[in-house]
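Hi,

Here is the structure I promised to pass on.

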Amino acid sequence: MIRTAAGVTLLVLAMSPSAFAQGKWPPNSMDRPRPAVVDPGPERPPAPAPSDAIVLFDGTSLSGWESDSGKPARWTVRDGYMQVAPGTGAIRTKRAFGSVQLHIEWASPAPAKGEGQDRGNSGVFLMGHYEIQVLDTWHNLTYADGMAGAVYGQTPPLVNASRAPGRWQTYDIVFHRPVFDQSGKVVTPARVTVLHNGVLVQDNTEITGWTVHAEVAKYQPHADRLPLVLQDHAHPVRYRNIWVRELN
Ligand code: MG
């Protein structure tokens, strides 16, 4: 090692690119580069679920859902969609799931209101702990790991394939649950692939732990199956056409 001030400086500079390449950004950093914008094309009518899918929401009732506390879900259902009733809390499926293929459609409130994370925020929480962010990311500046299609606080989407507020958008998600050993240590981290409006935004991404605001993710052991949760972040986000196929 060269023991000069200049030598130490060179060493630090040489280390920085590899640290960046490994994605060593703190959660919710505004300095983290944001992905390119891709136009996914116009919204499409909802496609019917495949024959072996479990339909979680068909546009008519919340019978498959309950509130976070186990009481009846209080979100609004109308015209084929459900809408977050701000302040009523998250809702979860009555059924529990492990690894799944999930299809879900959502629309941000129109006209847009608020900025950054305070604009059309909701979220799809796989197993209740791993959030694929739902956010109005159409001409809305926020941190990269909080954009639509992000594994919240961990991995930004590969591109920003958002549609305008009020337009229907789709997530097609392939999620492989984490596996824990007897002591509760994670032996196989969860992985997720996400298509946003048909465009790849997460490519077999390793999930590094529970997605928690402004904290470095850590795993905590949990059951092999848990409900799917949709977030009430105080914004009237809409959902429709939700189905899963179990992967076992
Ligand atoms: Mg959210």
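Predicted model: local features only at pLDDT ≥ 70, side-chain atom pairs only at ≥ 80, totals over all residues.

**The five-strand sheet**

Five strands make up an open, antiparallel sheet in the order E2-E5-E14-E7-E8. Strands here (E, at least two residues) are DSSP runs, numbered from the N terminus, and two of them pair if DSSP finds at least two bridges between them. Strand E2 (65-67) and E8 sit at the edges with a single partner strand each, so one side of each has no neighbour in the sheet. E2 is joined to strand E5 (residues 91-93) by three antiparallel bridges, with Ser-67 opposite Ile-91.

Residues are numbered from 1 along each chain as its sequence is written, and side-chain values use heavy atoms, with hydrogens and water left out.

**The magnesium site**

Which protein atoms are the donors of the magnesium ion? They are Asn-121 (OD1), Ser-122 (O), Glu-131 (OE), Gln-133 (OE1) and Gln-231 (OE1), lying 2.2 to 2.4 Å from the ion. A donor is an N, O or S atom within 2.8 Å of the metal (3.2 Å for Na, K and Ca), and water is not among the atoms, so sites may look incomplete. Along the chain the donors are spaced as N-S-x8-E-x1-Q-x97-Q. Distant parts of the chain are linked here: Glu-131 is in strand E8 (residues 130-134), and Gln-231, 100 residues apart from it, is in the loop between strand E14 (229-230) and strand E15 (238-246). Glu-131 counts as buried at 4% relative accessibility, and so does Gln-231 at 16%. Buried means under 20% relative accessible area, exposed over 50%, partly exposed in between (1.4 Å probe, protein chains only).

**Two buried residues to look at**

Trp-168 lies in the loop between E8 and E9 and is buried at 13% relative accessible area. Its C-alpha is 8.9 Å from that of Pro-46, although the two are 122 residues apart in sequence. Beyond four places in sequence, the contacts of Trp-168 (heavy atoms within 4.5 Å) include Tyr-81, Trp-106, Arg-163 and Tyr-239.

Is Gln-202 buried or exposed? At 1% relative accessibility, Gln-202 counts as buried. This residue belongs to strand E13 (residues 199-206). A polar atom of the Gln-202 side chain lies 3.0 Å from the backbone oxygen of Thr-155. Residues that Gln-202 touches, not counting those up to four places away in sequence, include Gly-149, Thr-155, Leu-158 and Val-194.

Cheers

How values were computed: Helix = DSSP H or I, 4+ residues; strand = E, 2+ residues; numbered from the N terminus. Polar contact = N/O pair within 3.5 Å; in protein donor to acceptor, adjacent residues only side chain to side chain.
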